[in-house]
Amino acid sequence: MSGWESGWKQRLESLRARVAEVAAGCDRKHAAPRLADREGTEALSGEEVETAFGRHLETEKLYAANRRHGSADIGALSDLSPELLGTLSGGTIPAARPEEWAFLDTETTGLSGNSPGGSGSCAFLVGVGRITREGFRVRQFFMRDLGEEASLLNALTRHLETFRVMITYNGRAFDQPLLEARYRWNRADAPFARMQHLDLLHGARRLWKLRFESCRLVDLESQILGVEREGDIPGALIPYVYFEYQRTRQMLRLLPVFEHNAIDILTLACLTAIVPAAFQDPANDTSRHGGEMTGLARWLRAIGDFEGARKLMRRAIYAEAETPGQAHLRDDLLFQALWDLAQLERKLDGREAALGIWEDLASASNPFQVRAIAELAKHYEHRAKDRPKALEWTRAARALEDSPDLARREARLSRNALAGDALARKKSRPRVAAAH
């Protein structure tokens with residue numbers, strides 16, 4: 001046996017052991033007499049649904065309005081503004097009542113070639129959450145085998161008819177294209193073209209990527225909402241648990257997958273109450289973390305609101321001094337923020353402020369030290385008309401990190417200095433009176 005084959009078999013055995021561990025944990029968690037229904041449908045409070053294309057399983061769960069999901073008030077979701085999504089979407093999503101928002105997430109069979117029938121990756125479970133006055137409802141569409149996919153997709157289309165907006169987390173790159181491919185495979189029309197789509201991942205990254213190491217949904221669930229899942233199944237194992245179900249038909253072992261999907265969708269809804277609101281008037285919100293303010297300032301700069309970006313960037317940098325105890329920027333982000341603020345100050349005619357920032361950056365070792373020194377050299381050459389000072393800063397920059405541009409600048413300034421010296425000497429020579 002080759003080394004590659006041996007290693008592959010060891011990984012396979014390790015994976016099987018992990019799946020068995022998850023399955024055993026599920027059995028312990030849901031210890032109960034075996035149900036007469038071999039599919040365990042009743043354990044999900046679900047029902048078998050028949051469509052013109054066959055049958056599939058559906059289940060629905062209500063998270064009551066008087067409950068909380070970590071720090072989030074589930075009942076408050078129904079009071080969200082119909083205009084909430086407009087700013088974050090760049091105006092592409094018109095006003096729509098929260099009851100018209102569909103929160104969608106899928107659980108899939110993984111990479112193509114692993115799925116039943118070899119027809120590519122499939123969404124064997126599709127969850128759709130909706131906001132109601134009673135609370136947050138999650139309806140899940142499940143195919144017990146590949147033959148039920150057409151029925152599932154047909155039911156999903158009909159279910160989405162009442163919604164105007166679809167909200168996902170990385171759905172624009174993953175969930176929607178995957179489902180559209182499955183609709184094409186089944187020679188059916190996907191229902192997404194008529195719906196506006198907000199992928200919350202992009203807004204969450206703008207807001208939090210400078211504050212947290214990870215913007216995965218489960219990590220933000222913990223960091224922002226304060227929710228710590230117990231006994232959650234790792235996402236990477238979900239396809240293998242589904243294939244195990246295909247082999248054993250033991251529905252109870254899939255319950256953690258349904259729970260994982262439902263909690264993901266509930267978290268998505270709770271974060272939707274937070275992320276878009278941060279983008280509505282970010283420059284005047286005084287309760288932000290330094291990393292969040294920097295992320296919002298970059299977004300304002302990208303959409304052309306330079307004054308708002310400058311205001312927010314100043315607060316992000318000087319938050320600790322203005323508001324003692326407020327969480328401030330990490331050191332590595334502070335230098336970048338200072339550089340960005342200097343560029344904004346220069347653009348908005350705050351050159352004196354920019355000059356002060358460049359001097360601060362030039363005085364200490366940091367990733368922007370050389371660039372700050374180069375900006376100082378440009379300032380003294382072109383605006384202050386102090387060429388000796390410009391030459392001094394240029395040589396200081398070259399001593400730290402040489403470049404062809406700096407070399408050309410020093411050569412030009414040196415020539416100008418020599419020419420200036422020659423002219424000064426000429427002017428200082430005493431004049432000799434002409435003989436008569």
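Me: In this predicted model, what is the bridge partner of Glu-48 in β2?
Reply: The partner of Glu-48 is Leu-57.

Me: What makes strand β1 and strand β2 a pair?
Reply: Two strands pair if DSSP finds at least two bridges between them. Strand β1 (residues 46-51) and strand β2 (residues 54-64) have six bridges, in the antiparallel sense, so they count as a pair. Thr-51 stands opposite Gly-54 in β2, and a hairpin of two residues joins β1 to β2.

Me: How do you know that β2 also pairs with strand β7?
Reply: The requirement is at least two bridges. Eight bridges join β2 to β7 (residues 135-142), so the pairing holds, and these strands run antiparallel. One of the bridges has Tyr-63 with Phe-136 in β7 as its partner.

Me: Which residues of α4 and α9 meet?
Reply: From α4 come Arg-206, Leu-207 and Trp-208; from α9 come Gly-291, Glu-292, Gly-295, Leu-296 and Trp-299.

Me: What makes two of the residues in this contact polar?
Reply: By class, the contact of α4 with α9 has four nonpolar, two polar and two charged residues.

How values were computed:
Residues are numbered from 1 along each chain as its sequence is written. This is a predicted model: local features need pLDDT of at least 70, side-chain atom pairs count only at pLDDT 80 or more; totals for chains, interfaces and linings use all residues. Side-chain values use heavy atoms; hydrogens and water are left out. Helices (H or I, at least four residues) and strands (E, at least two) are DSSP runs, numbered from the N terminus. Contact means heavy atoms within 4.5 Å. Ala, Val, Leu, Ile, Met, Phe, Trp, Tyr, Cys and Pro count as nonpolar, Asp, Glu, Lys and Arg as charged, and the others, Gly among them, as polar.
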